[in-house]
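Please examine the structure shown below together with its sequence.

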Amino acid sequence: MEKEILNRTRIAAVRFTTAEYAALERRFKATACRQMSEYLRNCLLHKPVTVRHRDTSLDEFMLEYIRLRKELTALGNNFNQSVKKLYGIKQIPEFRQWILSTAAQRERLLYQVEQIQEMTWKITEKWLQS
């Protein structure tokens, strides 16, 4: 059975004030409709319109999460700079052992920060698409 092709040949013109059209456009942009004509047809013919909804609690969480990620990155950078300076004084025997243990901690910290950044980017991409 072939699917019937419906060509839309009839036009219904409607005029709006600037404010009315701006309100209509705002509502249209909050939907999943790709074109204004699709949105208007759905509204006029009482068909369902999928409206995108943004969770404000998620917004607050994401802002805090982004702040935390920036702070962790700064801490990692500061730690990295400190370790590099310590390498300049490694001729002192007491510092040699401390430098080695600090280097291992540095690597773990940088790895953790990198993991957090990757997870943040994944969550951010999903959040922006919603």
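His 46 is placed in the loop between helix 2 and helix 3, the latter covering residues 56-87. The model is a predicted one. The phi angle of His 46 is near 55°, which is a positive value in a residue other than glycine. Most residues other than glycine have a negative phi. Is His 46 buried or exposed? His 46 counts as exposed because its relative accessibility is 73%, and the cut-off for that class is over 50%.

Asn 42 belongs to helix 2, which spans residues 36-44. Asn 42 has a relative accessible area of 14% and is therefore buried, as the cut-off for burial is under 20%. When neighbours within four places in sequence are left aside, Asn 42 is in contact with Cys 33, Lys 47, Pro 48 and Val 49.

The table sets out the two residues.

| Residue | Relative accessibility | Class |
|---|---|---|
| Asn 42 | Asn 42: 14% | buried |
| His 46 | His 46: 73% | exposed |

The protein chain as a whole contains four helices and zero strands, and its pattern along the sequence reads α-α-α-α. Of the 130 residues in the protein chain, 18% are buried. The protein chain exposes about 11500 Å², and carbon and sulfur atoms supply 57% of this area. Among contacts between residues at least 6 apart in sequence, 42% join residues at least 24 apart.

Notes. Residues are numbered from 1 along each chain as its sequence is written. This is a predicted model: local features need pLDDT of at least 70, side-chain atom pairs count only at pLDDT 80 or more; totals for chains, interfaces and linings use all residues. Side-chain values use heavy atoms; hydrogens and water are left out. Helices (H or I, at least four residues) and strands (E, at least two) are DSSP runs, numbered from the N terminus. Buried means under 20% relative accessible area, exposed over 50%, partly exposed in between (1.4 Å probe, protein chains only). Contact means heavy atoms within 4.5 Å. Accessible areas come from the Shrake-Rupley method with a 1.4 Å probe; for residues, only the protein chains shown count as cover.
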